Amino acid sequence: MRIHDHPILGPLPSVREVKLLFNGRPIMAREGEPIAAALVAAGVWESHCSRKAGEPRGPFCMIGRCTDCVMVVNGIPNVRTCITPVEEGMGVETQVGRGEMKHAEG
Amino acid sequence: MKTGGPEHAVGIPKSQPHAVIECPQEIPCDPCVEACPHGAIRKEGSIASIPVLDEELCQGCGECIPACPGLAIFLVDSCYSEDCALVGLPHEMLPMPVAGERVRLLDRCGREVGVGTVTEVRLRGAYDRTAVVYVAVPRGLEDVVRAVAVLPPDDHYVCRCEEVTRQMIERAVEDGATTVDAVKRLTRAGMGLCQGRTCRRLVSAIIAEKTGKPLEEILPATTRPPLRPLPLDVICRGDDEL
């Protein structure tokens, strides 16, 4: 789902496309758009599996508040994908519960 | 009196329960005529004419309500109680309301006009799965309410991060947690990833609702830095920017 012509924002400007890897699967995204937006455009609504009830969760507030969109990004869990811009070659994975740190940064 | 569209419903004597036919379509259809055990509904002339209710004969039994394929017949009792009128309406939605349940009242355009209480849900074999919901509505709304919507269940999430439902918070308040901090300690609402950004106002509202206190008197929970989520190494490195 993607809005190509918006009554207020106008037509979607053309930008460079980048590739991100969602659970190992390549997904094309618009450079600089939030990860969550790229995934929703690709039909992916599930970001993580809730910690207690084990229920699927997806982007809810879309402004970085609610943390329902958190995923494992480049090995780092609990990244709010709705406010994190897409980068070329980024690895994005569905998070389970709290998630696990794959490798320390830096 | 001819009872066609909604405009004809106004002005019907309000002394006793009676059917209100809001059928605007001149189509060959007459299950309402057949369904009435008292012969109070007639089609004058052709089968395609708009049905006419004889109010002298109508006993207010409501048997015509589920018979209408267009869900265009209702029952109205303006004198149900001191301050309530009763509306019987066809209902073909799930979840099915139950007697005693509070439901949202909707007008002919689906706009919410108030809250009512279901008095009875009638669903007989002959009704072919169309239920008749009887709902007590504030007096004056009996000519307005033409549908009901079931209120959201109490198990909606209030705190999304810690998966705390409205019911869990209400129970905590009943157990004596009448401040946001106390509810937080009992249920963990507000202690998740988002740190209460989504739920804190809702928790305050539920406490106000349950205790009868004005919302302004419900103090927010204690706030401590950091005020927005940030990676721990930012604190370690002492970066100014984020």
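## A hairpin in chain A

Strand β7(A) is joined to strand β8 (residues 76-80) of chain A by three bridges, and the two run antiparallel. Strands here are DSSP runs of E with at least two residues, helices are runs of H or I with at least four residues, and both are numbered from the N terminus. Two strands are taken to pair if DSSP finds at least two bridges between them. Within this pairing, V70(A) has R80(A) in β8(A) as its bridge partner. The two strands form a hairpin with two residues between them, and N74(A) in the turn has a positive phi of about 50°.

T67(A) also has a positive phi, near 65°, in a residue other than glycine. T67(A) lies in the loop between β6 and β7 (70-73) of chain A.

## Basis of the model and confidence

This is a predicted model, in which local features need pLDDT of at least 70 and side-chain atom pairs count only at pLDDT 80 or more, whereas totals for chains, interfaces and linings use all residues; side-chain values use heavy atoms, with hydrogens and water left out. Residues are numbered from 1 along each chain as its sequence is written, and chains are lettered from A and ligands numbered from 1 in the order in which they are written.

The predictor gives the complex an ipTM of 0.76 and a pTM of 0.55. Chain B averages a pLDDT (the predictor's confidence in each residue, from 0 to 100) of 89, and 91% of the residues score at least 70. Over residues 1-11 of chain B, pLDDT stays under 50, and the model has 25 contacts beyond four places in sequence for this stretch. A contact means heavy atoms within 4.5 Å. Where pLDDT is low, the predicted coordinates should not be read in detail.

Chain A contains an open sheet of three strands in the order β6-β5-β10, with mixed pairing. Its edge strands are β6 (56-57) and β10 (95-96), each of which pairs on one side only. Strand β5 (residues 48-49) of chain A runs parallel to β10(A), and two bridges join them. In this pairing C49(A) stands opposite V96(A).

A salt bridge is defined as a side-chain nitrogen of Lys or Arg within 4 Å of a carboxyl oxygen of Asp or Glu, and the count over all chains comes to 22. One of these links E31(A) with R16(A), the closest N and O atoms being 2.9 Å apart. E31(A) lies in the loop between β4 (25-30) and α1 (35-41) of chain A, and R16(A) in the loop between β2 (10-11) and β3 (17-22), so the pair ties together parts that are 15 residues apart in sequence.

## The interface of chains A and B

The contact takes 16 residues from chain A and 13 residues from chain B. The area buried between the two chains is about 1,200 Å², of which carbon and sulfur atoms give 41%. Buried area is the accessible area (1.4 Å probe) that two parts lose on being put together, summed over both. In chain A, K52(A), R57(A) and R65(A) lose the most area to chain B, together 40% of what that side buries.

Three salt bridges are counted between chain A and chain B. The side chains of R51(A) and E162(B) meet in a salt bridge at 2.9 Å, N to O. The side of chain A that touches chain B divides into four nonpolar, four polar and eight charged residues. In this division Ala, Val, Leu, Ile, Met, Phe, Trp, Tyr, Cys and Pro count as nonpolar, Asp, Glu, Lys and Arg as charged, and the others, Gly among them, as polar.

Strand β6 (residues 102-106) of chain B pairs with strand β7 (residues 112-122) of chain B in the antiparallel sense over five bridges. L105(B) stands opposite G114(B) in β7(B). The hairpin of β6(B) and β7(B) has five residues between the strands, and G110(B) takes a positive phi near 85° there. Strand β6(B) is also joined by four bridges to strand β9 (residues 147-150) of chain B, which runs antiparallel to β6(B); here V103(B) stands opposite V150(B).

The peptide bond from L94(B) to P95(B) is cis, with omega near 0°, and P95(B) lies in the loop between β5 (84-91) and β6 of chain B. A cis peptide bond also joins P225(B) and P226(B), with omega about 0°. P226(B) is found in the loop between α5 (200-211) and α6 (232-237) of chain B.
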